[in-house]
Amino acid sequence: MTTSVLQPLESLRQQPGDNVLRERGQREVFCGLTGIVWMHRKIQDAFFLVVGSRTCAHLIQSAAGVMIFAEPRFATAIIDDRDLAGLADANEELDREVERLLSRRPDIKLLFLVGSCPSEVIKLDLSRAAERLSSRFMPDVRVLNYSGSGIETTFTQGEDACLAALVPEMTDTGEQEQLLVVGALADVVEDQMRQLFELMGIGPVAFLPMRKSGEIPGVGIGTRYLLAQPFLTETAAALEARGALRIPAPFPFGERGTTAWLQAAAKAWQVSDETFEQATRLPRERALKALAHQRDVLSGKSVFFFPDSQLEVPLARFLADEMGMQLLEVGTPYLHREHLSDELNMLPTGTQLSEGQDVEKQLDRCMQAKPDLVVCGLGLANPLEAEGVTTKWSIELLFSPIHGYEQAGDCAELFARPLRRRNLLSV
Amino acid sequence: MKLTLWTYEGPTHIGAMRIATAMRDLHYVLHAPQGDTYADLLFTMIERNEKRPPVTYTTFQARDLGGDTATLFQDSVRNAYERFEPTAMIVGASCTAELIQDDPGGLAKGMKLPIPVIPLELPSYQRKENWGASETFYHLVRALAKAPESDIEKPRPTCNLLGATALGFRHRDDVRELCDIMRTLGIDINVIAPLDATPADLTRIPDADFNVVMYPEIADTTASWLKRQFRMPYTTTIPIGVGATTAFIKEVAGLAAVDPEPALRDARSRLPWFSRSVDSTYLTGKRVFVFGDATHAIAAARVAKHELGFDVIGIGTYSREFARDVRDCAKELGVDALISDDYLEVEARVAELQPEMVLGTQMERHIAKRLGIACAVISAPMHVQDFPAAHAPQMGFAGANVLFDTWVHPLMMGLEEHLLGMFREDFEFGDSATPSHLGHGGGTVSPAQSRASSEASAADDDEPVWLDDAEQELGKIPFFVRGKARRNTEKYARLQGVAKITVDTLYDAKAHFGR
C-alpha cells in the first residue's frame with residue numbers, strides 16, 4: 001500500500017560526522033489523518049472518508065484546536081464490533097455508507113477512502129474497495145484511497161500520501177514541457193506564484209493538488225517539478241516514476257528562500273538574469289521591508305523546535321538566516337536529506353538537529369536550554385507557557401499562508417507575535 | 001460501520017483520560033499508536049490545563065508491529081513509573097492496541113511494581129467516552145476503597161461528591177456550589193472524586209455516611225457498587241434548577257439527618273423573581289428543543305418548562321446508557337424522545353420541529369445557526385467557550401441564575417419582538433434583524449431555508465399551493481415563528497381540502513390552531 005514504513009528505518013542509520021540526535025520514545029505528534037483538515041478545503045469537490053474508529057473521528061474533529069463548524073467535506077465510517085467479529089461484511093457496510101454519503105453530497109466528484117490504524121491492522125483492503133466503488137460511481141465520482149494511519153504516517157505525511165494517490169490519475173503529457181508545483185498552498189499564494197512564473201515566461205505551470213478534481217494536471221518526461229513543501233517524499237517518488245524531474249531548490253520561505261526557489265525554476269527554463277530581476281524586484285523589496293518590521297523582535301532570540309510538521313528545517317533556516325535567530329535544537333519527525341540538502345547547507349554550521357522523538361527527554365533538554373521561543377504542537381504549548389516558556393504552536397504554520405514573497409512578513413510575524421504578546425501583557 | 005460527521009463522545013480511552021487527568025498522583029499508560037497523543041490537546045487547549053495529562057502513550061508504529069510491542073509497553077510502564085512516581089497506575093489499550101491484543105493489564109501485573117496497577121478493559125468498538133470514564137472510576141474505587149475503621153468518631157455527618165472529571169461541563173464550578181450547600185447544612189465533605197483526588201483519597205471513600213452522585217453518567221456505577229459493598233446510600237436528585245436544588249437539599253438533609261432550612265434560604269437565588277417579573281412574559285410558551293447528555297438534557301427540560309415557562313417540544317440524548325431516563329422525562333412532557341448519536345438525525349429533528357430555541361450542545365449550536373434558531377449550550381462535548389473565565393455553575397441556586405441568563409440571552413427581548421412583528425416593512429428592521437443586543441449572527445433565516453425545510457417534511461403531489469399574496473403575508477410573520485405558521489397553514493389546508501392557500505387560509509389556520 002505505502003512504502004513510508006521503510007523510510008524511518010533508513011534514516012535511523014547513523015551517518016558519520018553529522019550532528020543529528022536520533023531518538024525513539026513517546027512521539028507527541030499527530031497522525032496523517034490530520035492533513036484532511038486542510039486538504040478538504042483545498043480540493044473543493046473532494047470528500048475524505050476515513051475508514052476507522054471513533055478515535056479517528058474524534059481526532060479530526062479536535063485537531064484544529066477547536067471544532068470547525070462548516071459543513072465538512074470529511075467524515076468517518078466508524079468500524080464497530082460487528083465488523084470486527086465478522087458478523088457484518090465490512091466491504092458491504094462500507095459500500096452502503098459511501099452510497100449514503102454520495103446521495104447526500106451530489107456535488108462531490110472525488111472521494112478519498114482514507115485508511116487508519118484500525119483499518120490497517122485488520123487489513124481492510126481499501127485499494128480494492130476504491131476500485132470497486134469507482135467502477136460503480138464513475139463517471140460521476142472517482143474513488144481513490146490512501147493511508148493516513150498513525151502507524152504509517154506522521155502529520156503532514158497524510159498530505160504526501162493523498163497527493164501520491166493522485167499521481168496515477170494524472171494523464172501522460174509525454175515530452176510536453178511543463179512546470180509542476182507540488183504541495184498544497186493557500187489559493188492566494190498559488191495565484192502569486194503563477195503570476196511570477198508568467199512574468200518570467202515560465203510555463204505552462206500546473207499545481208498539485210488542484211482546486212477542482214477536473215483540473216488535475218498531467219505529467220510526463222517533459223515535466224519538471226518544484227516542491228513547495230518539504231514533506232512530499234512519496235509524491236516525489238511517484239512523479240519521478242512517471243518521468244518527471246525534480247528541480248532541486250530550498251523551500252519558498254522568507255525572501256531568500258523564495259528567491260532561491262524561483263531561481264531554480266528560472267535556471268531550468270533558462271530565464272535571463274535581467275528578466276528574473278525584473279519579475280521579482282518589486283515583491284522582493286516588499287518582502288525585505290516586511291521582514292525588517294519583525295527583525296527587531298526576533299533577532300538574537302533563541303528558538304527550539306519540537307518535531308511536528310517536517311517544516312522545521314526550512315523554517316529554522318529562515319529564522320536563522322533571515323531573522324538572525326539562534327537555533328538551539330531543530331527537531332523533525334523525519335529528515336529527508338535529499339529534499340532538504342539545500343536547506344541543510346544553509347543552516348549555521350553545528351546546528352543541533354534531532355530526528356524522531358522521546359518527548360520527555362526532549363522536554364528536559366528544552367527546559368535546560370531556556371529558549372526564548374519554542375515551536376511545538378498543541379498538546380505541549382500551554383504546559384510550556386505555564387512554565388514561563390513562550391511558544392508558537394506549529395499547526396498554524398500549516399493553516400496560514402506563509403510561502404512566497406508577499407507572505408514572508410506574515411511568516412515572521414507568526415513567530416514574533418508570541419514574543420510581542422509576552423512583552424505586552426502585564427498580568 | 002456507521003457514517004459519522006461529528007461525534008458527541010470520544011472513544012472510551014478518552015473517558016479514562018478524563019478520570020486520570022482529574023486526579024493527582026495517578027498515571028495512565030496507554031498502549032496506542034502515534035497520533036493518539038492528539039488527546040492531550042483536549043485538556044491543554046480546550047480546557048486550558050497548565051499541565052499535560054498524566055498519560056504515557058507507547059506510540060507504536062508499523063515497524064514495531066512485526067517486533068515486540070509487548071516489550072515496548074513494559075518499557076513505557078517502567079519509564080513512566082520512574083519519571084512520574086505515581087502512587088497508583090491505570091493501564092489499558094486504545095482502539096488500535098485493542099486489536100493487537102497485547103494484554104496491557106497482564107503485562108503490567110507481571111512487572112510487580114510496588115504500587116497498585118489497575119488494568120482497564122474498555123471495548124473501543126462498542127462503547128464510548130462517558131462509559132469509559134464511568135468504568136475507569138469504578139475500577140479505581142473498587143481496587144482502592146477500604147472498609148472504614150469501625151471506631152472513627154465523627155462529630156458531623158459526612159459525604160463524598162462523586163462524578164466531577166476533567167473536561168466536564170462546568171464540573172469544577174458545580175463542585176464549588178455543592179460544597180457551599182454542604183457547608184451551610186453542616187455536612188463535612190469526606191472526598192471529592194475524581195476531581196483533584198489522589199489514589200489515597202479513594203481508599204477513604206467508604207468513611208463517609210453517604211455519596212452525592214453529581215453526574216450519573218460518570219458516578220452511577222461506582223455509587224451503586226459502594227451501596228452494595230459498604231451500605232452507603234446515595235443521592236438521586238440532580239440539583240440543576242431551583243426546584244431540583246430544593247429537592248436535592250431536602251434529600252441530602254434527610255440522608256444526613258440535618259435541618260434543610262438554612263440551605264433553602266439562599267439570597268443569591270434570583271431566577272424565581274426574574275421569571276415572575278413581567279418583562280419575562282414574552283418567554284411564555286417559547287417552543288424549545290432540548291438535546292445533550294442525559295443528566296443535562298433532563299434537567300434542562302424541567303427547568304425550561306417549570307421555571308421559565310417554555311414549551312418543550314422535543315427532548316433527546318446521545319447517552320444511550322441513560323435512554324430510559326430520557327424516555328421517562330419525554331413521557332412526563334408529552335413529547336417523543338430522540339435517542340441518537342447521529343448528528344444528522346438530530347439536525348433533521350430540529351428542522352422538522354422548527355423550535356424557537358434549542359438548548360443543546362455545540363453541535364446543536366451549529367445546527368441552530370444554520371437554521372436561524374436561537375441556541376444556548378447546556379452540555380458536553382466540550383468547546384473552549386464552555387470553559388468561561390467567570391464562575392458559571394449549572395448546579396445550585398447560583399447555577400439556576402446562570403441558566404436564566406444564558407438561556408434568555410440569545411432570545412429577542414419582548415418589546416423588540418413586538419415591534420418587529422408590527423413594522424416588518426421597515427427597511428432597517430426587516431427579515432434579517434437579530435436581537436439588538438447581539439452584534440451579528442443570532443437568528444437569521446432566508447425564506448428559501450424555511451421553505452426548504454417545510455418542503456422536505458412533506459413532498460406529496462397534492463400539496464396545497466401558496467398564492468402570491470398569501471406567501472407575501474407569510475413573509476410578514478416574524479422569522480422565528482414563520483416556519484411553524486407555514487406548516488400549520490399547510491396542515492390546515494390539507495385538512496380542509498383547500499388546494500390554493502390564500503391570505504384567508506393563513507388566518508383561518510391561525511384561528512384554528514390558536515396560534
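Reader: What should I know before I start?

Author: The model is predicted: local features need pLDDT of at least 70, side-chain atom pairs count only at pLDDT 80 or more, and totals for chains, interfaces and linings use all residues. Residues are numbered from 1 along each chain as its sequence is written, with chains lettered from A and ligands numbered from 1 in the order in which they are written.

Reader: What is the mean pLDDT of chain A?

Author: pLDDT is the predictor's confidence in each residue, from 0 to 100. For chain A the mean is 92, and 94% of its residues reach 70 or more. Over residues 1-17 of chain A, though, pLDDT is below 50.

Reader: How much of chain B is buried?

Author: Call a residue buried if 20 or more other C-beta atoms, placed from the backbone, lie within 10 Å of its own. In chain B, 53% of the 515 residues are buried. Its C-alpha trace spans about 85 × 65 × 40 Å along the principal axes.

Reader: At what angle do helix 21 and helix 23 of chain B pack?

Author: In general, two packed helices are described by the angle between their axes and the distance between the axes. Axes are lines fitted to C-alpha atoms over the stretch in contact, and angles run from 0 to 180 degrees between N-to-C directions. Helices are DSSP runs (H or I, at least four residues), numbered from the N terminus. Here helix 21 (residues 468-475) and helix 23 (residues 503-513) of chain B pack at about 45°, axes 7 Å apart.

Reader: Which residues of these two helices make the contact?

Author: Contact means C-beta atoms, placed from the backbone, within 7 Å. Helix 21 of chain B brings Asp469(B), Ala470(B), Glu473(B) and Leu474(B), while helix 23 of chain B brings Val503(B), Thr505(B) and Leu506(B).

Terms used: Buried ≥ 20, exposed ≤ 12 C-beta atoms within 10 Å, placed from the backbone.
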